[in-house]
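The sequence and the structure are shown first.

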Amino acid sequence: MTSPDAHSRVAVVTGASAGIGEATARTLAAQGFHVVAVARRGDRIQRLADEIGGTAVVADVTDGAAVEALAAGLTRVDALINNAGGAKGLEPIAEADLENWRWMWETNVMGTLRITRALLPKLIASGDGLIVTVTSIAALEVYDNGGGYTSAKHAQGALHRTLRGELLGKPVRLTEIAPGAVRTEFSLVRFAGDEQRAEAVYNGIEPLVAEDVAEAIGFVASRPSHVNIDQMIIRPRDQASASRFNRRG
């Protein structure tokens, strides 16, 4: 693992191989962080790390041994961006695919728990730690056929908000970022690579792009240490809720 400069702040970004994670890695690097880009797709994060002067770590947040190895290889962590996650499937609960539900809970909830718990001592030791958890508006509302994803995101949000209280008095800030519709690989993963179905999600609207969310994370990371932005909900103008859109044409 590449060692950052002793004076560099270190930010660990999970799910950094594409979308919001990749954009966030670029944003934080531009702010002076040494970014540790974490993802399963090694070729992508290595290219990213080379471009931004960061470190690539191939790891799956659902793999406890990989997470522990990541933590053991870092001497300093100032910020953790919990971005790894995703959805699979869009079926009613009566037809739920249990393996998809298990994957969503393992990735969104247990993955966030594993890496947060592993890096928490270093975040506290930094004297000015920051944990940003990228949940979703699905952590705040529900919609038909989305029970697996909304339940996992509700649990991830509850984990993060509980930690906010448990760390009161410690030098760590916690922010939940809850995006609405963002044009990334999210829908492509949800629909198992069906490009036509994934693209239909954005028909007639102008969705957010990954950089919109990354800029919000950069804003949070640049606040003074006494300022805690508890939660940010970010939607495109064309979206009022998880199921209500202004679709043109």
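How many of the 6 residues of strand β1 (residues 9–14) are buried? In β1, 5 of the 6 are buried, and the strand is thus mostly covered; buried means under 20% relative accessible area, exposed over 50%, and partly exposed in between, with a 1.4 Å probe and protein chains only.

## Basis of the description

The model is predicted: local features need pLDDT of at least 70, side-chain atom pairs count only at pLDDT 80 or more, and totals for chains, interfaces and linings use all residues. Residues are numbered from 1 along each chain as its sequence is written, and side-chain values use heavy atoms, with hydrogens and water left out.

Helices (H or I, at least four residues) and strands (E, at least two) are DSSP runs, numbered from the N terminus.

## Strand β1 and its partners

Strand β1 pairs with β2 in the parallel sense, over 6 bridges. Two strands are said to pair if DSSP finds at least two bridges between them. Strand β4 (residues 79–82) also runs parallel to β1, to which 3 bridges join it. Val 12 stands opposite Val 36 in β2 and opposite Leu 80 in β4.

Together with helix α1 (residues 19–30), β1 and β2 make a right-handed β-α-β unit. A crossover is right-handed if, with the strands pointing away from the viewer, the path from the first strand over the helix to the second runs clockwise. In a regular strand the side chains alternate between the two faces of the sheet.

His 34 is found in strand β2 (residues 33–39). The residue is buried, with a relative accessible area of 8%, and its side chain is joined to that of Thr 55 by a polar contact of 2.7 Å. A polar contact is a pair of N or O atoms within 3.5 Å; within protein, one must be able to donate a hydrogen and the other to accept it, and residues adjacent in sequence count only if both atoms are side-chain atoms.

In strand β4 lies Asn 82, which is buried at a relative accessible area of 2%. A polar contact of 3.0 Å joins the side chain of Asn 82 to that of Thr 116.

## Loop residues and separations in sequence

Gly 54 is in the loop between α2 (42–52) and β3 and counts as buried, at 14% relative accessibility. Gly 54 and Val 10 are 44 residues apart in sequence, and their C-alpha atoms are 9.3 Å apart in space. Asp 60 lies in the loop between β3 (55–58) and α3 (64–72). Its relative accessibility of 26% makes Asp 60 partly exposed. From Asp 60 to Thr 14 the separation is 46 residues in sequence and 8.9 Å in space, C-alpha to C-alpha.

Glu 211, by contrast, belongs to a helix, α8 (residues 210–221). This residue is partly exposed, with a relative accessible area of 44%. Glu 211 and Ile 137 are 74 residues apart along the chain, and 18 Å separates their C-alpha atoms.

## Positive phi angles

Most residues other than glycine have a negative phi, and most peptide bonds are trans. Asn 145 has a positive phi of about 75° although it is not a glycine. Asn 145 lies in the loop between β5 (129–134) and α5 and is partly exposed, with a relative accessible area of 36%.

Ala 192 also has a positive phi, near 55°, and is a residue other than glycine. The loop between α6 (186–190) and α7 (195–200) holds Ala 192, which counts as exposed at 75% relative accessibility.

Rolling a probe the size of a water molecule over the atoms shows where empty space is left. A cavity is a set of points, on a 1 Å grid over the protein atoms alone, where a 1.4 Å probe fits but cannot get out; lining residues have an atom within 4 Å of a point. Grid points are joined across faces, edges and corners, and a volume is the space filled by probe spheres set on the points. The count comes to 1 cavity of 30 Å³ or more.

The largest cavity holds about 70 Å³ of space. It is lined by 14 residues, of which Lys 88, Glu 91, Trp 101, Met 104 and Gly 148 are the closest to its centre. Helices α4 (98–125) and α5 (147–166) each supply at least two residues of this lining. The lining residues of the largest cavity divide into 5 nonpolar, 6 polar and 3 charged; Ala, Val, Leu, Ile, Met, Phe, Trp, Tyr, Cys and Pro count as nonpolar, Asp, Glu, Lys and Arg as charged, and the others, Gly among them, as polar.

Methods: On a 1 Å grid over the protein atoms alone, a cavity is a set of points where a 1.4 Å probe fits but cannot get out, and a pocket is an open set with protein on both sides within 12 Å along at least five of seven lines; lining residues have an atom within 4 Å of a point.
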